[in-house]
There are 2 protein chains.
Amino acid sequence: MKILLAEDQTMVRTALASLLRLEADYEVDEAVDGAAAQQQLQQEHYDILLTDIEMPHLSGLELLQWVQQHQPALKTVIITTFNRAGYIKRAVDAGVSGFLLKDAPIATLIDSLHKVCAGARVISNELLLQALGQQDPLTEKERKALRLAGQGMSTQAIAEALFIAEGTARNYLSEAISKLHANNRVEAARFAHQQGWL
Amino acid sequence: MKILLAEDQTMVRTALASLLRLEADYEVDEAVDGAAAQQQLQQEHYDILLTDIEMPHLSGLELLQWVQQHQPALKTVIITTFNRAGYIKRAVDAGVSGFLLKDAPIATLIDSLHKVCAGARVISNELLLQALGQQDPLTEKERKALRLAGQGMSTQAIAEALFIAEGTARNYLSEAISKLHANNRVEAARFAHQQGWL
DNA sequence: TTCGGCTAGTGACATTTGTCACCTTCAATT
DNA sequence: AATTGAAGGTGACAAATGTCACTAGCCGAA
């Protein structure tokens with residue numbers, strides 16, 4: 001079983017890789033971010049891609065979409081810190097084989113990998129139910145505006161970045177604030193981020 | 001050598017603990033957050049406390065201060081995700097024996113622990129220099145106001161939370177914005193957070 | 001064609017946020 | 001006692017943000 005592990009935090013990556021290598025018949029390669037993983041996947045054949053979500057250059061979710069299009073036979077397992085409905089939904093939509101929280105002990109990870117090897121899908125019902133819970137109510141434009149606002153950009157700067165009038169940008173933000181029942185753009189951005197919608 | 005490992009992410013904690021246990025003569029206990037670690041320290045004797053910073057209930061830095069007062073002989077090592085000058089400064093002030101970024105490979109952690117056992121201090125010069133770089137220019141009031149603002153609270157809500165007039169709250173924020181060369185409260189809060197000042 | 005109904009976008013207005021000059025208060029100095 | 005200066009606090013004004021009624025364009029149905 002050849003595994004590619006994509007995770008940007010070096011200590012976590014090296015620790016997980018060391019432990020997986022202790023298991024019989026696991027060969028583990030490491031990638032420092034999504035982009036590196038994508039390159040590596042094109043050069044060698046792997047059985048399983050084990051990846052974090054929040055990484056620079058190319059997020060785990062973006063990587064998943066790429067895999068789905070270019071190497072649909074490759075099995076994928078997500079390990080992530082954040083229990084965000086939006087993440088789970090997008091991962092499931094991209095045909096992921098496993099979805100694990102870093103909140104689980106390492107034994108669970110190893111166990112899940114065995115199951116995935118055997119052809120099973122391991123996503124807890126609890127997580128799946130959550131994903132079906134709230135749908136993301138934001139439009140693409142609203143999402144973009146909100147993301148920039150959350151970083152402290154002014155309405156004017158946001159308008160320029162999105163090639164729209166200032167008033168329009170304010171409108172998008174206002175809509176987003178209202179949809180998310182927030183009181184201002186910062187609250188709205190925080191909430192949306194928490195839900196994995198940004 | 002008896003080690004207490006405090007880290008809230010279960011997968012990381014169990015993975016590190018497993019690896020450390022593979023080393024000869026390390027006995028490792030685990031604590032799920034700062035508060036749990038503090039309790040455990042009172043019940044048993046440890047040689048080294050290895051702790052994360054960002055944890056619920058009691059942060060690693062708060063834990064350090066407690067250790068300094070109650071068990072000054074205990075050696076402490078910080079492992080943290082974030083390279084924030086404020087963190088390093090506070091850790092050094094609290095007499096830490098080691099400061100490592102999760103950006104380093106696991107081998108470095110093991111190596112550093114050995115050195116700390118032997119009585120050395122392991123904090124890279126690079127990090128120390130950084131810590132001496134910028135000083136936190138915020139007053140306590142400014143810091144509190146900025147923290148709340150960063151969470152999306154309105155000026156009025158902040159004023160109520162801090163028992164001050166609305167105008168005063170705006171003043172604190174304005175001062176903070178100016179000191180940090182930001183354009184608005186959100187940018188200021190992000191920057192301060194990045195520096196480890198919140 | 002004409003009529004909705006939908007989405008994208010705009011501008012005017014009210015509210016909130018940011019700035020600044022200016023009070024207090026209180027302790028240290030003369 | 002008078003003076004100074006620092007820290008906490010206030011209020012008035014300008015600028016940015018949030019809201020809302022509205023226009024323009026673009027389908028698809030009658």
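**Entry 1: strand S4 of chain B**

I looked up strand S4 (residues 75–80) of chain B in this predicted model. Six of its six residues are buried, so the strand is largely enclosed by the rest of the structure. I count a residue as buried if 20 or more other C-beta atoms, placed from the backbone, lie within 10 Å of its own; 12 or fewer make it exposed, and anything in between partly exposed. Strands here are DSSP runs of E with at least two residues, helices are runs of H or I with at least four, and both are numbered from the N terminus.

A note on conventions: residues are numbered from 1 along each chain as its sequence is written, and chains are lettered from A and ligands numbered from 1 in the order in which they are written. As the model is predicted, local features need pLDDT of at least 70 and side-chain atom pairs count only at pLDDT 80 or more, while totals for chains, interfaces and linings use all residues.

**Entry 2: neighbours of S4(B)**

I found S4(B) paired in the parallel sense with strand S3 (residues 48–51) of chain B, over four bridges; pairing requires at least two DSSP bridges between the strands. B:Lys75 is the bridge partner of B:Ile48. Strand S5 (residues 98–101) of chain B also runs parallel to S4(B), joined by four bridges, and B:Phe99 in S5(B) stands opposite B:Ile78.

I noted a right-handed β-α-β unit made by S3(B), helix H3 (residues 60–70) of chain B and S4(B). Another right-handed unit is made by S4(B), helix H4 (residues 85–93) of chain B and S5(B). Right-handed means that, with the strands pointing away from the viewer, the path from the first strand over the helix to the second runs clockwise.

**Entry 3: A:Asp52**

I found A:Asp52 in the loop between strand S3 (48–51) and helix H3 (60–70) of chain A. An unreviewed UniProt entry annotates A:Asp52 as "modified residue: 4-aspartylphosphate"; such annotations may be inferred rather than shown by experiment. A:Asp52 is buried, with 24 other C-beta atoms within 10 Å. Leaving out residues up to four places away in sequence, I listed its contacts (C-beta atoms within 7 Å), among them A:Asp8, A:Gly60 and A:Thr80.

Note on methods:
Contact = placed C-beta atoms within 7 Å.
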